[in-house]
Amino acid sequence: PLPRPPSTAARSGTDFHSWVEQRFGQQQLIDPDELHDRADARVGDPADFEALVAAFEAGPFADRAPHVVEAPFALVLAGQVVRGRIDAVYAEADGTWLLVDWKTGHGDVADPWQLAVYRVAWAELVGVEVDAVRAAFFFVRSGRLVEPSDLPDRAALEATVRA
């Protein structure tokens, strides 16, 4: 992949994710500023970042420690390897899991397919039925938690990849 030009929205999201990791005591292995194509990418507005932090602190996850943040996974779907990181994983009191993807942009729009992939990957990673894993987008700026109820299972994801 080719390096991308600096993006205020992308950097704001990266900064926010780094902040969440530090907030809950998990350190990054690599600082994004140490990457050769990211050193000059700090183009975000500090006031905007502070507004994101304040919005998070006012939301439902401020005092809830995640089981893990930035959980890496690799999932094979229809012969294709899908790799990613789940922003936050919460262990629920009833033994189920809640996966949360932080959205830091200005719109409350996201693709539920992303959550479906995360859900299947986490279920397989920890050895539970996919029905024991819920997944949601948390739109940090608006404070909205969106948990789609009809996420596809492995078979539906594979059918989509094949198509």
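Reply: A salt bridge is here a side-chain nitrogen of Lys or Arg lying within 4 Å of a carboxyl oxygen of Asp or Glu. The model is predicted, and it holds nine such salt bridges.

One of them joins E92 and R64, with 2.0 Å from N to O. This pair connects distant parts of the chain, 28 residues apart. E92 belongs to the loop between β2 (80-91) and β3 (97-103), while R64 belongs to the loop between α2 and β1 (68-77). With a relative accessible area of 17%, E92 is buried, because buried means under 20%. R64, at 26% relative accessibility, counts as partly exposed, since that class lies between 20% and 50%.

Salt bridges with shared partners join R64, E92, R134 and E147 into one network.

A second salt bridge is formed by R141 and D48, whose closest N and O atoms are 2.8 Å apart. Here too the pair links distant parts of the chain, 93 residues apart. R141 is found in the loop between β4 (133-139) and β5 (144-146), and D48 is in helix α2 (residues 46-57). R141 is partly exposed, its relative accessible area being 26%.

The salt bridge between E158 and R154 lies within one helix. The closest N and O atoms of this pair are 2.8 Å apart. E158 and R154 are four residues apart in helix α4 (residues 154-162), so about one helical turn separates them. E158 is buried, with a relative accessible area of 18%, whereas R154 is partly exposed at 25%.

These pairs may now be set within the whole chain. There are four helices and five strands, and from the N terminus on they follow the order α-α-β-β-β-α-β-β-α. Of the 163 residues, 39% count as buried. Among contacts between residues at least 6 apart in sequence, 63% join residues at least 24 apart. The accessible surface of the chain comes to about 9200 Å², and 53% of that surface belongs to carbon and sulfur atoms.

Terms used
Residues are numbered from 1 along each chain as its sequence is written. This is a predicted model: local features need pLDDT of at least 70, side-chain atom pairs count only at pLDDT 80 or more; totals for chains, interfaces and linings use all residues. Side-chain values use heavy atoms; hydrogens and water are left out. Helices (H or I, at least four residues) and strands (E, at least two) are DSSP runs, numbered from the N terminus. Buried means under 20% relative accessible area, exposed over 50%, partly exposed in between (1.4 Å probe, protein chains only). Contact means heavy atoms within 4.5 Å. Accessible areas come from the Shrake-Rupley method with a 1.4 Å probe; for residues, only the protein chains shown count as cover.
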